[in-house]
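Please look over the sequence and the model shown here before reading on. The paragraphs below it then lead from one part to the next.

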Amino acid sequence: MSQWYVLQTKVRNEAVAVQNLGNQGFETFLPMLRVQQLRRGRWQSVCEPLFPGYLFIELDLERQNTAPIRSTRGVIGLVRLGATLQAFPQPLLSSLKQAQALTGGVIEPAKVFESGDEVQLVSGPLAGMKAIFKARNSQERVVLLLNVLGNETQISVSTNLIRKVS
């Protein structure tokens, strides 16, 4: 029975590992995240791995030989708990795949937020303040409820300025 496992890759070699593992017949999944980065004074949308240095691989340990994985270009090895391989929880992997499929192959950070989620501003004059995610109002902006002096105030900020509070 095949299950999904976590594979560690060399730094910024996730795509290389996916390609080389695919050439060997292995099924992989690399969740990608769209982020906004400041480059040359302008915000640009770029795609990068959701879990840098890691990807998921589907294996049937009873049928497949995992030895070639270690020598695959871009791969460090399978993530283990002690000496044993631990399968990644299927429900969590399914939700990652679903989130990526809904947005056309890349997870959109603002689509990860749901109304009522607590978020924290990470940059700008309000950095460090916590707010409640209310809604998206455009492709790159979201509406938050910010508690200032006991009053809830709506503000609109760029998606790259907030992070979900865990």
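What follows goes from the sheet to the helices and then to the core.

This is a predicted model, in which local features need pLDDT of at least 70 and side-chain atom pairs count only at pLDDT 80 or more, while totals for chains, interfaces and linings use all residues. Residues are numbered from 1 along each chain as its sequence is written, and side-chain values use heavy atoms, with hydrogens and water left out.

An open sheet of four strands, in the order 2-5-1-6, is paired antiparallel; strands are DSSP runs of E with at least two residues, helices are runs of H or I with at least four, both numbered from the N terminus, and two strands pair if DSSP finds at least two bridges between them. At the edges lie strand 2 (27-29) and strand 6 (75-78), each of which pairs on one side only. Strand 1 (residues 3-9) and strand 5 (residues 54-59) run antiparallel and are joined by six bridges, and within strand 5 it is leucine 55 that stands opposite leucine 7.

Helix 1 (residues 14-23) packs on the sheet and touches strand 1, strand 2, strand 5 and strand 6, where contact means heavy atoms within 4.5 Å. Helix 3 (residues 90-102) also packs on the sheet, touching strand 1, strand 2 and strand 5.

Leucine 21 touches residues including Leu7, Leu55, Ile57 and Ile69, with those up to four places away in sequence not counted. The largest nonpolar core has 13 residues, and Leu7, Leu21, Ile57, Leu59, Ile69 and Leu78 have the most contacts inside it; such a core is a set of buried Ala, Val, Leu, Ile, Met, Phe, Trp, Tyr and Cys residues joined through side-chain atoms within 4.5 Å, buried meaning under 20% relative accessible area with a 1.4 Å probe and protein chains only. Strand 5 gives the most to this core, with three residues.

Technical notes
Axes are lines fitted to C-alpha atoms, for helices over the stretch in contact, and angles run from 0 to 180 degrees between N-to-C directions. Buried means under 20% relative accessible area, exposed over 50%, partly exposed in between (1.4 Å probe, protein chains only).
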